[in-house]
There are 4 protein chains.
Amino acid sequence: MNTFGNIFRLTTAGESHGPALTGIIDGMPAGVLVDIESIDRFMARRAPGRQPGITSQRKEADHVRILSGVFEGMTLGTPIGFTIDNTDCRPADYEHLRHTFRPSHADYTYTAKYGVRDHRGGGRASARETATRLVAGAFALAALHQLGISVWAFSSQIGNVKINRPLDELDISESIYETSMYCPDAETNRRMESLVRRTHEAGDTVGGIVTCVIQGLPAGIGEPVFGKFQSMLASAIMSINAVKGFDYGMGFDGVSRFGSEMNDPFAIDTNGRITTVTNHSGGIQGGITNGRAVVFRAAFKPIATLMREIRTIDDRGNTVVLPARGRHDVCALPRAVPVVHSMAAIATLDAVLMHRCSHI
Amino acid sequence: MNTFGNIFRLTTAGESHGPALTGIIDGMPAGVLVDIESIDRFMARRAPGRQPGITSQRKEADHVRILSGVFEGMTLGTPIGFTIDNTDCRPADYEHLRHTFRPSHADYTYTAKYGVRDHRGGGRASARETATRLVAGAFALAALHQLGISVWAFSSQIGNVKINRPLDELDISESIYETSMYCPDAETNRRMESLVRRTHEAGDTVGGIVTCVIQGLPAGIGEPVFGKFQSMLASAIMSINAVKGFDYGMGFDGVSRFGSEMNDPFAIDTNGRITTVTNHSGGIQGGITNGRAVVFRAAFKPIATLMREIRTIDDRGNTVVLPARGRHDVCALPRAVPVVHSMAAIATLDAVLMHRCSHI
Amino acid sequence: MNTFGNIFRLTTAGESHGPALTGIIDGMPAGVLVDIESIDRFMARRAPGRQPGITSQRKEADHVRILSGVFEGMTLGTPIGFTIDNTDCRPADYEHLRHTFRPSHADYTYTAKYGVRDHRGGGRASARETATRLVAGAFALAALHQLGISVWAFSSQIGNVKINRPLDELDISESIYETSMYCPDAETNRRMESLVRRTHEAGDTVGGIVTCVIQGLPAGIGEPVFGKFQSMLASAIMSINAVKGFDYGMGFDGVSRFGSEMNDPFAIDTNGRITTVTNHSGGIQGGITNGRAVVFRAAFKPIATLMREIRTIDDRGNTVVLPARGRHDVCALPRAVPVVHSMAAIATLDAVLMHRCSHI
Amino acid sequence: MNTFGNIFRLTTAGESHGPALTGIIDGMPAGVLVDIESIDRFMARRAPGRQPGITSQRKEADHVRILSGVFEGMTLGTPIGFTIDNTDCRPADYEHLRHTFRPSHADYTYTAKYGVRDHRGGGRASARETATRLVAGAFALAALHQLGISVWAFSSQIGNVKINRPLDELDISESIYETSMYCPDAETNRRMESLVRRTHEAGDTVGGIVTCVIQGLPAGIGEPVFGKFQSMLASAIMSINAVKGFDYGMGFDGVSRFGSEMNDPFAIDTNGRITTVTNHSGGIQGGITNGRAVVFRAAFKPIATLMREIRTIDDRGNTVVLPARGRHDVCALPRAVPVVHSMAAIATLDAVLMHRCSHI
């Protein structure tokens, strides 16, 4: 099940330390202008090195090679094949993990499922796989841009440091990626940095929340009852490594509220169009967009690999002690922000295209 | 998009006030013993009348009529078609809603999407649609039972009343359905009842959380990277009316934790098999089950229809005042519990069957 | 795998002698005007009684009950659930087949696959299942009609009696269904009737060919490389009971031809639009329609049940002699014509809708 | 729609004269032993140069680069990404076709569909795309081999030269690929060679038939009613360039036969197992295999590009004369044989895996 989507579909392959990652984007509409260099720039946003005080071990100079589907700067409507080489592989570094199951990693579950696994750097279970999603995300964003739809994601919480200002006071735009933690609130960004640095010094890791905002969507997008827009988004987002939760609108914060606080009264906007006064619903009602911004959150757990010695077991049940290793990420954020951004764009374009078939 | 699943697939149809709901269960394995009466009993758990002090307006004597796929008490492997008649329809009661958009309902979004809608009782957007899911859920549960896998769901929170005891102190079993609020903790059940009664008296509604526990799953279930078990579950659960969030394991509560608190060390159980000491991961690592219980939560918003007069607009933008109506549910729970239960069972059986193709 | 299609999807269920057949049509565009009575009239074209000199045993007064998706004479965009009752079931008539495998039927293969089967009248393998396809076909035809696209099918060969006139000399229209054998050439129709009568008298059965013509399709329909229009059509048609072959354009007749006889030169028609002088390609090039009529053929084998005593075996390998039974159809045609007609319409509407996603 | 299959799925991308073809094989079972060199050898069977008296213009030294999914000689269960470089591209050679529509090619239909096309060498519509299918075919064949299932394909007819001996007198094995025309009958092979040479000398092209035989399949494979084995095979085969028809068993030859000649009586074989005396059904009844060999045919039209001057039009409707070009293939066979072979293997493995979910 390495394909996501219905009409706009991403299929991916690749282990962390194999020759390359690869992907095929199918259902990309013809006639979208694309700039390959801007895809590399988008991919650079997932590059390591953003964790204050540290740098992840691996220097991925990720460069995407587009093999098909684009001709003279425009999409052809045919599938877009691409590869991203794994340039900094040191398989020998992982030989000690060949028979070892690291706690809270997928070493054991992959072995249980397939009877065999590529032990090098997490193999298929590595978050490196998500690099392919940025390529598809970049294409989806280009198409959505031509349709007047924007998608942005940002770090809204790391550990217990969170943005306390309302969404409409934030600058939700390209400028997010100019900050160190991909957080649009400068003060929160600074406090996040500080928390990550302290966590690193303690040899620990920490979780966080990425918030995503989709604007410019017309009312009518989403396919009830099993293709509800929130269902498609949740499926997309929950497929990202380390994501443990998804909610939209008031989400989990709404469960303890009363209905009288939560309804979104209708109103007529200055253009005479129907809108809602508030947006507790997060832009979706009955699985279909209502024209307001779609707002959702993704909860990331702390990264499992600590910078401490780890006691665990091997595949014969013997105890193994793994030495501390020092250059892993402290937090999945901010590198996960463009991944959420991309998966949201992929699911959104898919839903937008599907909607074209709703009427005769 | 009215089909859910890959191998085990449920397709549903039906408006709230049309002649009947209907569904087709495809991919049901042959050789499962089924008892049609027990399906009706399971469906009775979603029946109205459980809200303290009130009764929902509609008396649904839901009875499922199985049309195919079962022969002499056993599944045939062929698709199971079924209908559930809508017996208590009073279309005239809804004439005043023909041109009106109720706030936080799907009236407006369905009209925006399709240009036309069945205005009677919410039409396709009504939670009545979920009755079909219980039929498929009952079949999935019968199959899972033969495989030694159990699925249970319960009310873990209503408003701000929540269970404060750890999961392993609760009686997660059939007995849940013997309580008034489908809550396995007696004291919490009583407080939930009380909150619902007070909310009803205030003419208001309230949200809640359903927790689901899947036990007996072997390690190895789930299909990375886009068919991760949590992704399939999230897609299933987010398709349920009024659900605004999904998380599993430590979920949203884990984002502010440190990795050192969250890892699940491996251990060898008394049978010499690999297990984990804790289960912060919620039974899934890298999208694949690890043999521990899978635990997830679904967040429900407060029901949108209040027992108060509502000011809203019609399809020409004119203001409309809807009179207060008195017999709606105050909370989606506990009736939503068997819906979550069913969707979890459906997604689980699908994942269990898919796993059979993992090896040569 | 009881679902056909990508965007416009038919899911069916039902055994020949269970309570009812059922189906769900998903992805039906909103805004199509439908007349339920005309669906029953379309279904009457598959009714038995058209075989000269004989009448099939079963009197199916097929009446479709639409349960959802249509409101006040118009499609809603929501799924269309329907049932067709099995009114003339005599399960006791089939008790002698409970353990017997009839030659060239699916009795043995269903048992081999599922370990269990409904032995009554062929169960799920009966051609009665195709009745559901006519319902979906009628809806698809209504949608295609609004788009200016027509689909027709007819008997072009029974045994070795075939139409010898070119396609453009035939009246390919509603009038086909006014003939006894659904053959648009009066002389051939008469000879087909005569052959069927003689075959019946000999206690034998005979095969035939249904030809289908799709007109009014714009250039551009079909989704390379695995959703080529011919691939979608072949998948649809080969799923029909007793069909053993599919070809389009020159098809099997073209294999012994030279390229110089077969190319279709381009020309400009009287409206200044691009067309082709000939149509050896059958309206499709590279999997995509070129604006000419799409023409394909479906080959039907002789019906397996003869009006003669049959020697066969039971499920323990013992020899069994089945008595001659006298009122089975002699030929799958003409009753298969509306089934081909329907499946072609279903696949065509699916392809037409998919094409809407080809451009930004 | 560049993905084929349900469980075992091939997704492909690539234009004829872009940088590379690429593909991803998903659902490949773990634990299959694979030998990458043997894949290259299999691909060499599709290489040009087999047409007597001529050589196709392009020298494709096709070499597949496996990027993932295989580790230390064994499949991992994860997706297999691969690329095949396009090494002999001369885009400038095609500049004269940028605005021209060649008759019976897909130049016009791709332009009609997408509004844009890669005019170089047919782009996505080129038969070069089928090279990717051989890679997936080789993996499928390796898996099927471990399950005791064999698949073979061969040239059974070119023009009007056909094999006249019964199937069971032919050596259906690896040795087919040792002949010049991939024909297991030496005398027919010689006559095919001679016909191709004469056709080449006449500057013409000719069609043919590839027959495929699948042996070792247990009874029970295939998923009624829309996943009938013949339906899956037809969909696979009709997606191949230049294929105009598909039939199985007696196929089109059976339409003029009587039922009394066509039934396949059951018998008990020497191992006490149920079999059939004859195999007119082609190994499938009711969409499910019966344990006999599955036999089907694919009809190929003559190649459209003749070695003669061609009069056609450009995208403004002006007449264009294309000069004769001398080194195109004269017949799609024998190079198409391994393509049919591969697609049959892909569909068969998919059906075999799906069947594992039929029982509880």
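Modeller: A residue is called buried when its relative accessible area is under 20%, exposed when it is over 50%, and partly exposed in between (1.4 Å probe, protein chains only). By that rule D:Asp247 is buried, with a relative accessible area of 0%. The structure is a predicted model, in which local features need pLDDT of at least 70 and side-chain atom pairs count only at pLDDT 80 or more, while totals for chains, interfaces and linings use all residues; side-chain values use heavy atoms, with hydrogens and water left out. Residues are numbered from 1 along each chain as its sequence is written, and chains are lettered from A and ligands numbered from 1 in the order in which they are written.

D:Asp247 meets D:Arg297 in a salt bridge of 2.9 Å, N to O; the term denotes a side-chain nitrogen of Lys or Arg within 4 Å of a carboxyl oxygen of Asp or Glu. This pair links distant parts of chain D, 50 residues apart: D:Arg297 lies in strand S17 (residues 294-300) and D:Asp247 in strand S12 (residues 243-248). Strands here are DSSP runs of E, at least two residues long, numbered from the N terminus.

Also in chain D, D:Arg133 and D:Glu129 form a salt bridge, with their closest N and O atoms 2.8 Å apart. D:Arg133 is buried at a relative accessible area of 0%, and D:Glu129 is buried at 2%.

In chain C, a salt bridge of 2.8 Å, N to O, joins C:Arg120 to C:Asp118, and both residues are buried. Over all chains, a search of the whole structure finds 88 salt bridges.

Note on methods. Helix = DSSP H or I, 4+ residues; strand = E, 2+ residues; numbered from the N terminus.
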